Amino acid sequence: MTEPNPRPWRDLTDPRRAGATDRLEEGLKEPEFENLDIPEALGTVRVTVDDHKIKRYAFTHDDHSPWHLTESPFGGKRVGHAALLGNDLVQLFTLVYAASQVVGYHTEEQMWFDSPAVLDEVVTLSGTYTEAYRRRGEGYVVMEATATGEDGRSIVRHRGVEILKTDPGAIGGRGSAAPERRVTGEVPEGARTVGTLGPDVRPGDVLAPLHKTVTAEQAAVFSRVGEYVRNIHNDIDVARAGGLRVPIVQGQQQFGVLAQLLTLRSGPLFLTSGWLRVKFLAPLEVFEPFTSTGVVTAVTPVDDGLRVDLEVWVRRDADNRLLTAGWAAVTVPAS
């Protein structure tokens, strides 16, 4: 296990360092496809899952479940949200690459949920760029990363795909070149809507939807405005320079909403047996209402219950456009 990089991006949280971003990024590489060195270790950092971190995430997702703020089914201890560490894992690249030079586009996110992080636990994050390729004139990079608890257990595992540097206004909404498993986001006629995935779950069941609006304030906090980082999610000038009308909601933030939906519908088992993989199809602007839901595609008996497979998605309310689509799985009790 390596020691933390001397320039972890969390150092920017000290307000006395306002305007110091350029100095902190001295010696870091510019995020250009040609600068990738695959495989490339991005380093290891340690993060404390403290009260502030949990409450900040609760604000950004409007997810104030008592599991995170008072007590949980996990021995009564306060635990972090399922996707609490997702953005920390995505941001590991900033240990090697200059974050202020990035105008990237997150195209795919995948996480395996193995155990919850407990309040005040020090979690170790480690990541590597494992693959890079070009497609349709854009340079893509794949990151694989892990979050490990103090006792060595796996908390979450991550695999993300990002276009390293691009014009987000031009590429947003272009869609996947050849989606291998298409999610239509259509609800079967006469489908049963379920608030809880229980022993009677069956294929065709539709998850009771979760309605949200991410405000500019929530998007900014999630996208590191408190660390004096400017990007297309927290700064209107940067967004417009990237061809956008206003800041857009980070893909990882939408991922967190789907993780919240699945936690609400399947209970604490999602934090110990869940899996979620999504593709980001079109940008979501701040203040745009949207709805997330999903449909059960298969139910399979397994040793410890029922494995439930689903298709999940996010649609913008104004025009019903499919913004994010993917697949999920969770094990629920059989009785």
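**View 1. Helix H2 and its cover.** Strand E1 (40–48), helix H3 (66–69), helix H4 (86–90), strand E8 (210–213), helix H6 (216–222) and helix H8 (251–266) are among the elements that cover the buried residues of H2. Helices (H or I, at least four residues) and strands (E, at least two) are DSSP runs, numbered from the N terminus. This is a predicted model, where local features need pLDDT of at least 70 and side-chain atom pairs count only at pLDDT 80 or more, while totals for chains, interfaces and linings use all residues. Residues are numbered from 1 along each chain as its sequence is written, and side-chain values use heavy atoms, with hydrogens and water left out.

**View 2. The buried side of H2.** Welcome to residues 51–61: here Lys53, Ile54, Tyr57, Ala58, Thr60 and His61 are buried (under 20% relative accessible area, 1.4 Å probe, protein chains only). These residues lie on the same side of H2 because their arc around the axis is only 165 degrees, taken from the directions from the helix axis to the C-beta atoms.

**View 3. H2 meets H8.** The two axes, lines fitted to C-alpha atoms over the stretch in contact, come within 10 Å and cross at roughly 90 degrees. H2 and H8 are therefore roughly perpendicular (65 to 115 degrees). Tyr57, Thr60 and His61 of H2 make the contact with Gln253, Gly256, Val257 and Gln260 of H8 (heavy atoms within 4.5 Å).

**View 4. The whole chain.** Stepping back, the protein chain has 9 helices and 12 strands, and 55% of its 335 residues count as buried.

Key
Buried means under 20% relative accessible area, exposed over 50%, partly exposed in between (1.4 Å probe, protein chains only). Axes are lines fitted to C-alpha atoms, for helices over the stretch in contact, and angles run from 0 to 180 degrees between N-to-C directions. Angles under 35 degrees count as roughly parallel, over 145 as roughly antiparallel, 65 to 115 as roughly perpendicular and the rest as oblique.
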